Amino acid sequence: MAIRSAGRTRKTGAAPSRSARRDGKPRVAILMGSASDWDTMKPAAEVLEELGVASDVRVISAHRTPARHQAYVTKAEANGIDVIIAGAGSAAHLAGVTAALTLLPVLGVPIDSSPLQGLDALLATVQMPAGVPVGTLAIGRVGAKNAGLLAAAILARKDPAVRAALARFRERQTASVPERP
Ligand code: RP5
């Protein structure tokens, strides 16, 4: 798998194993079912980088690379990952199967890659049967960005540096809203 840094645009091929934090260890895993999902998932990586949170970005499919998926997710907590973001399109089971394999919080991003424009992925991701939850975000790039922000908010409960970065992000965002159009 080709690896690129988060700041670059690409349609396919993916995606970085990056370390942007103080100790360089990724704390958030960003999984996606296909390299073609990277453009959609990139805002998650970008906003985490902006907040100083290292992420590990992987193309891992629950159905096309099941062994890779199981190996990665079952070792994620031991490898220092605190939150997993999983984005997938179509019959999107990646987030649900990921959640089944770990006690880490899993945030799902439905990707609008199918003829149903993500409605299929939204329903597949959000409609988890009781017992194995997936925190589901909005469809597409907006959901990916919010997944990154939500992952940071989870980390911020125990990490003052991430909390401060998140507060500064909110301040910048507020300041960027004009009073008139
Ligand atoms: C899903 O199928 C992926 O998450 C992707 O959104 C979709 C299409 O994948 P490709 O055919 O582009 O690899 O599993």
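This note goes through the predicted model point by point, from the overall layout to single residues.

1. **Basis of the model.** Because the structure is a predicted model, local features are reported only where pLDDT is at least 70 and side-chain atom pairs count only at pLDDT 80 or more, while totals for chains, interfaces and linings use all residues. Residues are numbered from 1 along each chain as its sequence is written, and side-chain values use heavy atoms, with hydrogens and water left out.

2. **Overall layout.** The chain holds six helices and five strands, where helices (H or I, at least four residues) and strands (E, at least two) are DSSP runs numbered from the N terminus. Read from the N terminus on, the elements follow the order β-α-β-α-β-α-β-α-β-α-α. Of the 181 residues of the chain, 47% count as buried; here buried means under 20% relative accessible area, exposed means over 50%, and partly exposed lies in between, with a 1.4 Å probe and protein chains only. Among the contacts in the chain with a separation of 6 or more, 66% come from residues 24 or more positions apart, a contact being heavy atoms within 4.5 Å.

3. **The sheet.** The five strands form an open sheet in the order β2-β1-β3-β4-β5, and the pairing is parallel; two strands are said to pair if DSSP finds at least two bridges between them. The edge strands are β2 (55–59) and β5 (135–136), each of which pairs on one side only. Helix α1 (residues 38–50) packs on this sheet, touching β1, β2, β3 and β4, and its direction makes about 175° with that of β1. For that angle, axes are lines fitted to C-alpha atoms, for helices over the stretch in contact, and angles run from 0 to 180 degrees between N-to-C directions.

4. **Pairing within the sheet.** As background, strands of a sheet pair through backbone hydrogen bonds, either parallel or antiparallel. Strands β1 and β2 run parallel and are joined by five bridges, and Met 32 stands opposite Val 59 in β2. Six bridges join β3 (residues 83–89) to β4 (residues 106–111), which also run parallel; in β4, Val 106 is the bridge partner of Ile 84, and Leu 107 is the bridge partner of Ile 85.

5. **Burial of two strands.** Six of the six residues of β4 are buried, so this strand is largely enclosed by the rest of the structure. Val 106, Gly 108 and Pro 110 point one way from β4, whereas Leu 107, Val 109 and Ile 111 point the other way, and all are buried. In β2, four of the five residues are buried, so β2 too is largely enclosed by the rest of the structure.

6. **The largest pocket.** The largest pocket contains about 240 Å³ of space, and 16 residues line this pocket, with Gly 33, His 63, Arg 64, Gly 89 and Ser 90 lying nearest its centre. On a 1 Å grid over the protein atoms alone, a pocket is an open set of points, reached by a 1.4 Å probe, with protein on both sides within 12 Å along at least five of seven lines, and lining residues have an atom within 4 Å of a point. Grid points are joined across faces, edges and corners, and the volume is the space filled by probe spheres set on the points. The lining divides into five nonpolar, nine polar and two charged residues, with Ala, Val, Leu, Ile, Met, Phe, Trp, Tyr, Cys and Pro counted as nonpolar, Asp, Glu, Lys and Arg as charged, and the others, Gly among them, as polar.

7. **Two loop residues with positive phi.** Ser 90 belongs to the loop between β3 and α3 (94–100) and has a phi near 60°, a positive value in a residue other than glycine; at 33% relative accessibility, Ser 90 counts as partly exposed. Gln 117, in the loop between β4 and α4 (119–126), has a phi near 55°, which is likewise positive in a residue other than glycine, and at 63% relative accessibility Gln 117 counts as exposed.

8. **A buried helix residue.** Leu 166 is found in helix α6 (residues 160–175) and counts as buried because its relative accessibility is 14%. Not counting residues up to four places away in sequence, Leu 166 touches Leu 51, Leu 149, Ala 152, Ala 153 and Ala 156.
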